[in-house]
Amino acid sequence: MNAKQVDKIATGILYTIAGFVILVLLALLGYILVQGVPNLSWHFLTAPAEAFSAGGGIGIQLFNSFYLLILTMVISFPIALGAGIYLNEYANQKSKVIEVIRTMIEILSSLPSVVVGLFGFLLFVVQLKLGFSLLSGAIALTFFNLPLLTRSVEESLRTIPNLQREAGSALGLSRFETIGHVILPAALPSIMTGVVLSAGRVFGEAAALIYTAGQSAPALNFADWNPFNATSPLNVMRPAETLAVHIWKINSEGIMPDAAAVSAGASAVLVIAVLLFNFCARYFSKVLYRQLTSSK
Amino acid sequence: MDEIQEALTKTSKATKKDRFGRSVSLLALILILAVVISIFWFVASKGLATFFKNHVSLWSFLTGTKWAPGQVDAHGKPLVGAAPMIVGSFLVTFLSALIATPFAVGTAVFMTEISPKRGAKILQPVTELLVGIPSVVYGFVGLTVVVPAMRHLFGGSGFGVLAGSMVLFVMILPTVTSMTVDTLRAVPKRYREAALALGATRWQMIYKVILRAATPGILTAIVFGMARAFGEALAVQMVVGNAALMPHNLMSPSATLTSILTQGIGNTVMGSLENNALWSLALILLLMSLVFNLVIRAIGKKGAM
């Protein structure tokens, strides 16, 4: 066999592998959507879940997922922004301490989410007696989200050319003013891309939430918006099962007759949400591109 | 004169603001470090209690094959052998990486070397999207597609190591693929040109030049995928069968560290041996993710030379 034949065979094999992978990935995506989308209806998206009978919805879980996402972002974004700014703008890049800190952040990002969840359970649910609550869940998700968000903020800041910083200094601005008025606005689209992508991850996370935000979704009174009332949707101290936890729960211990249909529908909602987050991220990076190239 | 001197020598408003901003951002960074340290501290102190407070020997914990933390054996020693879970975890991790590697590398080569246009148009967006799909969705698909298929093909319940590996294989495939694509793209163009100029066929160029140059990056991608597979909890827990038994074949229901953890931690009392033993499993998970991290670093350092 000469080299040319080998080349042809190898190319054929590579085509087969790529074709197979496309097939598997598209089949997976298609399966989720085909199984799930027919179950979607206004009733399914808004009705509360049923424990023992068919016909339940995912209304409360869907609300919980979004509310938890917002809470997590409100807590984690300022911290990640601060840490990212320090790492890229203030820190001495050659210092050993900063290197160690970067390593630690990397380790945090590689920890299994179940371990992060158990830590949240131990510290907030048990020791600080917050109980299974949205707040515990949001803090656990913050731990899980911080390293990635910090890195994406840091990388966004790094892409801003030093020329901008020098220009700020030349105008007599302090470093802080330069960051606030020059660097951050320029880095904003890229930071937003990172935020939206991490939002997709947070939205689908379940392992970190089982023992922090809990596995029950008590009925909510959507007319009551006082965050201190027990049945108010805004109350952060109530247990809150999210969509992803719901899928896990009904598949591992659910006894409702339509568990498969409910989880198919809920999976489709999760996947569609992730799709939407992805599109948003793409939109922001398009804005970024336009800004950088000043094209229309 | 004094006024002017004072105005010139006192800290300006801008400096004060700058110091404020600097300390606030430093504080945020310190907070993250505090989180990392306290995770290690809490999990280690809980996980080590099995050995120091309950006096289980480390050796019997790591090699014992009977997991029944509520009971004691003939010598009155508690039955906490974590070997079935440790073996289960490593088995699903290695199997899924073993299946995923040829597909991921093959697809990545296809996307960068053979058909960049189609790669960018179809494969890139699909893999990027699938990286973000929640793991419970993978678990659900595993439960409704993979497990019945296994039952049909091999008999038995369908739950087991093989089903777990298949689910993890599909789950880590997009991650490993997109990371491999990144490393292949980073191989300088002149390598390709040089190889082709020497008369190499495309396959010779790929096999003898590009894949060799990209080996450290590809290894990093695989280890990264393995770390993800090792730490994955729910998707595996849904299909692996959750029986804390030594897996005697690929189809027998078994358990992983993560699956026993998610199942057990809510049903045990804080501070009891049952609970501490579960925290020891969490500690193993923590240490393993550290090991994966070190391996990735070591590969990176070697690749940089």
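In the predicted model shown above, 69 residues of chain A are in contact with 67 residues of chain B, where contact means that the C-beta atoms of two residues, placed from the backbone, lie within 7 Å. On the chain A side, the elements that give two or more residues include α1 (3-36), α3 (59-90), α6 (134-158) and α10 (259-293); helices here are DSSP runs (H or I, at least four residues; strands are E, at least two), numbered from the N terminus. The largest share, 18 residues, comes from α1(A). By class, this side of chain A has 51 nonpolar, 12 polar and six charged residues. In that count, Ala, Val, Leu, Ile, Met, Phe, Trp, Tyr, Cys and Pro are nonpolar, Asp, Glu, Lys and Arg are charged, and the others, Gly among them, are polar.

Residues are numbered from 1 along each chain as its sequence is written, with chains lettered from A and ligands numbered from 1 in the order in which they are written. Since this is a predicted model, local features need pLDDT of at least 70 and side-chain atom pairs count only at pLDDT 80 or more, while totals for chains, interfaces and linings use all residues.

Turning to chain A itself, the secondary structure comes to 10 helices and zero strands. The C-alpha atoms of chain A fill a box of roughly 70 × 70 × 40 Å along the principal axes. Of the 296 residues in chain A, 47% are buried; a residue is buried if 20 or more other C-beta atoms, placed from the backbone, lie within 10 Å of its own, exposed if 12 or fewer, and partly exposed in between. Among contacts in chain A between residues at least 6 apart in sequence, 74% join residues at least 24 apart.

The unreviewed UniProt entry lists residues 12-34, 66-87, 107-126, 132-149 and 259-284 of chain A under "transmembrane region"; such positions are given in the numbering used here, feature names are shortened, and annotations may be inferred rather than shown by experiment. In the model, residues 107-126 of chain A are 90% helix and 0% strand, with end C-alpha atoms 25 Å apart. For residues 132-149 of chain A, the span is 89% helix and 0% strand, and the end C-alpha atoms lie 25 Å apart.

A:Lys129 is found in the loop between α5 and α6 of chain A. A:Lys129 has a positive phi of about 55 degrees although it is not a glycine; most residues other than glycine have a negative phi. A:Lys129 counts as exposed because it has 7 C-beta neighbours inside 10 Å.

The pair α3(A) and α6(A) packs at an angle of about 35 degrees, with axes 6 Å apart. These axes are lines fitted to C-alpha atoms, for helices over the stretch in contact, and angles run from 0 to 180 degrees between N-to-C directions. α3(A) passes α6(A) in a right-handed crossing, that is, with the near helix turned clockwise from the far one by less than a right angle. The residues of this contact divide into 19 nonpolar, eight polar and three charged.

Finally, A:Met192 lies in helix α8 of chain A and is partly exposed, with 19 other C-beta atoms within 10 Å. A:Met192 and A:Leu87 are 105 residues apart in sequence and 18 Å apart in space, C-alpha to C-alpha.
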